[in-house]
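This report goes through the contacts between chains and some local features of one model. The sequence and structure come before the details.

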Amino acid sequence: MIARVRTMPLTWRRTAMAVIAIALAVVLLAPLTSTDVAQQAGLPLITDKLWFRIATTVAMFVTLASAWNIIGGLTGYASFGNVAFFGLGAYGTGVLVSSLRVPFAIALFAAPLTAAAFALLVGIPLLRLRGHYFAVATLGVGVAVGEVVNNVGALGASNGLFPPIIRSDLLFFYLMLGAAAIAVLSTRIILKSRFGYGLLAIRENEEAAGVIGVNTTFYKVSAFVIAAALTGLAGGIFAQWNSFINQENVFPVTYNVEMILMAVLGGAGTLLGPVAGAIVLELIIQTLAGGGSASVYSQIGLGVLLAVCVIFIPRGVIDFFGGRSRLSLRYLRSTLRETSA
Amino acid sequence: MSQFTQQVILGLLLGGVYVAVALGFSLVWGILNIVNLAHGAFVVIGAYLTWTLFAHLHLDPFLSLPIDAVALFVIGYALQRGVINRVIRAPVLFTFLLTFGLNLIIVSVLLVIFTGDFRSVTPGYSGRALQLGSISIPYIRVAGLAVAFALAAILWLILNRTRIGAAILAVGADRDAAQLVGVDLRHAYALTFAIGAAFAGVAGGIISTFQSITPTAGDPYTLQAFAVVILGGLGRVSATVAGGLLFGLIEVLAQSAPGLGSGYANAIAFAVLVIVLVVRPQGLLGRLA
Amino acid sequence: MRDLTKRFGGVHALADVTFSVDEGEVLGIIGPNGAGKTTLLNCISGLSRLDGGDIRWDDTSISGLAPHRIARLGIGRTFQIVRPFPSMTVRENTAMGALFGQPQGRLQPHEAQKQADEVLELVGLGEKREFPVLRLTVPDRKRLEVARALAMKPKLLLLDEVMAGLNAVEVEQALGMLRGVRESGVTIVLIEHVMKVIVGICTRALVLNFGRPLAEGPPEKVLRDPKVIEAYLGERYARRQEAADKERPQPPSA
């Protein structure tokens, strides 16, 4: 069902790497044109406010999708509630900076820690469940945590929290990019390690994994905690970046689905699949939204996108880049035949 | 003490609603192995349909229930046969994503048509209640409970006393064997889903009589339906009835506990869910899916 | 001296099964379908829990331990319906056993793969190292299953019907492979329906019927036991055995 780490044919690979290198360079350096230094030197402003907003959001989703990939793609436990960790990370940092006046640089560390702690707590019972049960149980976590937070006065209840404003598009962009980099790097390290093989074994055949010596509980929970920490980190950055958090903007149920779709569309279980999926999908969503991502039409668009992707491309776009299959009518038809009644 | 009795009665009445909501959900899950994340959306469609008929044609809500059933039956059949069937043999994740997507689409479309304003259905008798001392039992809720039990009976009859029900059960038990004895698989699947949707629609009609509805009002019901099925167990109508009533009780009693309130509906459902899954995965009366 | 004793009581699928296995032995477990043979292996490997009784390995109780701990103690098993890891190659599958199951030490992936190559040579899959699992035939998948278990360097190997579905030639080859395994010092407990295997390699046989032990002892004795013939082997087999015995001299008593 899910693609493993595939190798692309060599020429593809070289071209792809060159393109990626150039794109990365642009993304990393262009924002510097917006600094005062650059402006004074007369450099053209390549990146405006809109650019920063979209780019930072894309980086955020790269982080979220890659994080989800660790528990959903590599381990095979498709969590439908990772947004809970995003929100917890946001509130973890948010509470420290707004109520306790802790400097952001320090408060940010609380984000992954809060999320990871919670993941450890709920992960142990929840990871005993499989398939449907796990998915909906985690969905419930996502919804329930948001609800509880919305009712607790100390966390601002329905008014939300207002971290003191730090104005710097540049800072948050690089921070979020950093989070994304950490997420992708973590995935790479895992994939090549003994731990990663263990996760794959759990995904492919959990009982067999157990009898050959994989401590499945420990591995599953670890993957869950790592995914949570990365997701929480993104949340913590978001809290300060947005200067305002409440239940609606840090526990949106649609985030769950978006990060899953990004990972699956790009290729769950692969290293760069979630990255590609996140970039492509978020750009589409931003375009649909035309400025307001909560707009009704973008929701409809997302829904349709979901339906189409799930029906026609369940293995993700990476399938095509591996050279294994080409996007053709035949591929689509055979996919349909495999999955229809 | 009478405060407690009032709560219990309210809990059972609410439980009736949950029974109505969960019946269709349980059917689709048990037979098709689909956890339909758009179930709440079907409920809301039913609610809006009843409201529209009430607001524009002054049709009594309880009389509109059969219309809800038919409309949702058609919608459900079409959706399953046309869309959901395409992923029915794919891993669980994909049906989840698909039904979630459908939910998004339906809710958004409803938002466009009806906007987010709250609507209520208030027939003349909605305020009246049976007074037993200090305990008040709203008539309209009792009617809802009655409808819920009727639905359960109807479902039981369909599954156990009709040919089509036998076909559905066969398909649920062993897909290949069912085909071998001549059951049209796709039709059976679509029919099952349609029945589930129809029941959801009726539940929506009931709900519109005591709750103000808005397009997103259906979402909590999906999670709650899940909790009901987990609590009661999969595989039998009686299990869903037991689960629904018990869940209604739990929710009312939990919300009256100090510190909690009506904002915790989802959290309570989730807590019940997790506790049951950890302690007794097959639920009260069910066979493990 | 590795001594594995089991006493079960009260489990529905198994009741009052008691036996022990000595180091270097090959114990065959036979019986009709549903007799509880696979359940027995599941209990030993930790996938099922005992409701009564105990399993002892090296003088410590292992019943109730998680499967991975039991694996680490040096007990490896195969499944009746093979369970490979589909997205990995033959070599990677085998390496998994080395990676996680060895009693001493945690190997790194590439050391594990080297050891896997050696094991694959042993079972005859050396040339198909890089194959994706799905390309293998059924007999080869069974060999892979055994290879993966062997890569764990187990002291005790539990085999669940490895011969099922193999033709006569393949059975001989598999027997040869198992003899090699035994010679390398591994104790084997195997479930089989193919009597040739029981006679060919087992030092002892245990017969289960409806979850209870029916007979135990050297294969020649057990297979001629009238109770066993009645419950499982069938009259035809018994007659065939008699005919075969008449044609050649009786084996010397053990």
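## Basis of the values

This is a predicted model, in which local features need pLDDT of at least 70, side-chain atom pairs count only at pLDDT 80 or more, and totals for chains, interfaces and linings use all residues. Residues are numbered from 1 along each chain as its sequence is written, chains are lettered from A and ligands numbered from 1 in the order in which they are written, and side-chain values use heavy atoms, with hydrogens and water left out.

## Chain A with chain B

Chain A contributes 45 residues to this contact and chain B 43 residues, where contact means heavy atoms within 4.5 Å. About 3,800 Å² is buried between the two chains, 80% of it on carbon and sulfur atoms; buried area is the accessible area (1.4 Å probe) that two parts lose on being put together, summed over both. One residue pair is in polar contact, both at pLDDT 80 or more. A polar contact is a pair of N or O atoms within 3.5 Å; within protein, one must be able to donate a hydrogen and the other to accept it, and residues adjacent in sequence count only if both atoms are side-chain atoms.

On the side of chain A that touches chain B, the elements giving two or more residues are α6 (110-126), α7 (131-151), α13 (253-266), α15 (296-312) and α17 (329-339) of chain A. The largest share, 14 residues, belongs to α7(A). By class, this side has 32 nonpolar, nine polar and four charged residues. Ala, Val, Leu, Ile, Met, Phe, Trp, Tyr, Cys and Pro count as nonpolar, Asp, Glu, Lys and Arg as charged, and the others, Gly among them, as polar. Helices (H or I, at least four residues) and strands (E, at least two) are DSSP runs, numbered from the N terminus.

## Chain A with chain C

Here 22 residues of chain A meet 27 residues of chain C. The two chains bury about 2,100 Å² between them, 61% of it on carbon and sulfur atoms. In chain A, R194(A), V211(A) and I212(A) lose the most area to chain C, together 37% of what that side buries.

One salt bridge is found across the interface: the side chains of R83(C) and E207(A) meet at 2.6 Å, N to O. At least two residues each come from α9 (194-204), α10 (206-211) and α11 (216-242) of chain A, and α9(A) supplies the largest share, seven residues. This side of chain A divides into nine nonpolar, seven polar and six charged residues.

## Helix α9 of chain A

Since 11 of the 11 residues of α9(A) are buried, this helix is largely enclosed by the rest of the structure. Buried means under 20% relative accessible area, exposed over 50%, partly exposed in between (1.4 Å probe, protein chains only). At the start of α9(A), a side-chain oxygen of S193(A) lies within 3.2 Å of the backbone nitrogen of F195(A).

## Local features in chains B and C

In chain B, strands β1 (residues 129-132) and β2 (residues 135-138) pair in the antiparallel sense over four bridges; pairing requires that DSSP finds at least two bridges between two strands. Q131(B) has S136(B), in β2(B), as its bridge partner. The hairpin has two residues between the strands, and G133(B) takes a positive phi near 65 degrees.

In chain C, N42(C) belongs to helix α1 (residues 37-45). N42(C) is buried, at a relative accessible area of 17%. Not counting residues up to four places away in sequence, N42(C) touches L47(C), S48(C) and R77(C).

Definitions and conventions:
Salt bridge = Lys/Arg side-chain N within 4 Å of Asp/Glu carboxyl O.
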